[in-house]
Amino acid sequence: MKMKSIFGLVTLAIALSLTLPVQAANRKDVDKLIETGRCSRCDLRDANLRGANLQNADLKNADLRGANLRGAALRNANLSNANLQEADLRDANLTRSNLRSADLRNANLRNSDLESADVRGANFDGSDLRGANLKNTDLDRNNSDRNNDRGRDDRGKIAVEFVSRTNDDIRIKIEGDGKTQEVRLGGNNNKRRIYLSPKVYRLRFFRGRSDNSWKSGKLDLGRDRSDRIRIYLNLKDRSVQLDNNEKAWNSD
């Protein structure tokens, strides 16, 4: 193994040993990533990889949902088909990385460097690309900036903000408008805003990774249409409340 590669793995091992929460991800998979730099199909959900040196890493098909990759070095990394939903990739170096068919829905990519990255087939729905370097990619900077300007609604969509009144880990599955997406709340991240078309959606609420929903119902964004809707969630009393359009929500 080249000295440069060894140094990179040692740096990664130190970073992970200092920052990785014990309960995050699959410990065996994390160890595999540390030792080899290869972790295809690994379970790295919610892993704290902030600032980690992952250059040239093989993370193909890896599950990195909710992972903290802020400031991580991912140059030339293979992230094809990886699940990066709601991952924190702020300030990450993704130059020349392989993101083909990766799922980056609702990921935070602010100020990241994606120059010359292969993003063919990648899903960036709801992701935040403000300030990102998109040079030599298939992404249209103007459209990305416009879609991710969270203070505007220039496509006729409605700003829907989910707010948790507790610190519980909550998953929200949203089905409608021909697709399914997920929003997650928990810990310090107890508020999330997305933009939806004025249609009817089916919402189901889950605790953590449980497959049993604690609440479900329909959200009608075409009824008494408002530009913004805030939805308060309380897992303790299993309640869902809308602050400015109660008629838009119908519990099952």
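**Layout and sheets**

Guide: The protein chain has three helices and nine strands, where helices (H or I, at least four residues) and strands (E, at least two) are DSSP runs numbered from the N terminus. This is a predicted model, in which local features need pLDDT of at least 70 and side-chain atom pairs count only at pLDDT 80 or more, while totals for chains, interfaces and linings use all residues. Residues are numbered from 1 along each chain as its sequence is written, and side-chain values use heavy atoms, leaving out hydrogens and water.

Visitor: What pattern does the chain follow along the sequence?

Guide: Reading along, you get α-α-α-β-β-β-β-β-β-β-β-β.

Visitor: How many bridges join E1 and E4?

Guide: Six, in the antiparallel sense, with strand E1 covering residues 158–164. Isoleucine 158 sits opposite leucine 196 in E4.

Visitor: And the five-strand sheet, what order is that?

Guide: E3-E2-E5-E6-E9, also an open sheet, with antiparallel pairing. Its edges are strand E3 (179–185) and strand E9 (249–251), each with a single partner strand, so one side of each is left without a neighbour in the sheet.

Visitor: Which residue faces arginine 202?

Guide: Lysine 218 in E6. Strand E5 (residues 200–207) and strand E6 (residues 213–220) pair in the antiparallel sense over seven bridges.

Visitor: Switching topic: how many disulfides?

Guide: One, counting a pair of cysteine sulfur atoms within 2.5 Å. Cysteine 39 and cysteine 42 form the disulfide, with sulfur atoms 2.0 Å apart. The link is left-handed, at -100° about the S-S bond.

Visitor: Are those two cysteines buried or exposed?

Guide: Cysteine 39 and cysteine 42 are both buried, meaning under 20% relative accessible area with a 1.4 Å probe, protein chains only.

Visitor: What share of the chain is buried overall?

Guide: 47% of the 252 residues count as buried.

Note on methods
Buried means under 20% relative accessible area, exposed over 50%, partly exposed in between (1.4 Å probe, protein chains only). Two strands pair if DSSP finds at least two bridges between them.
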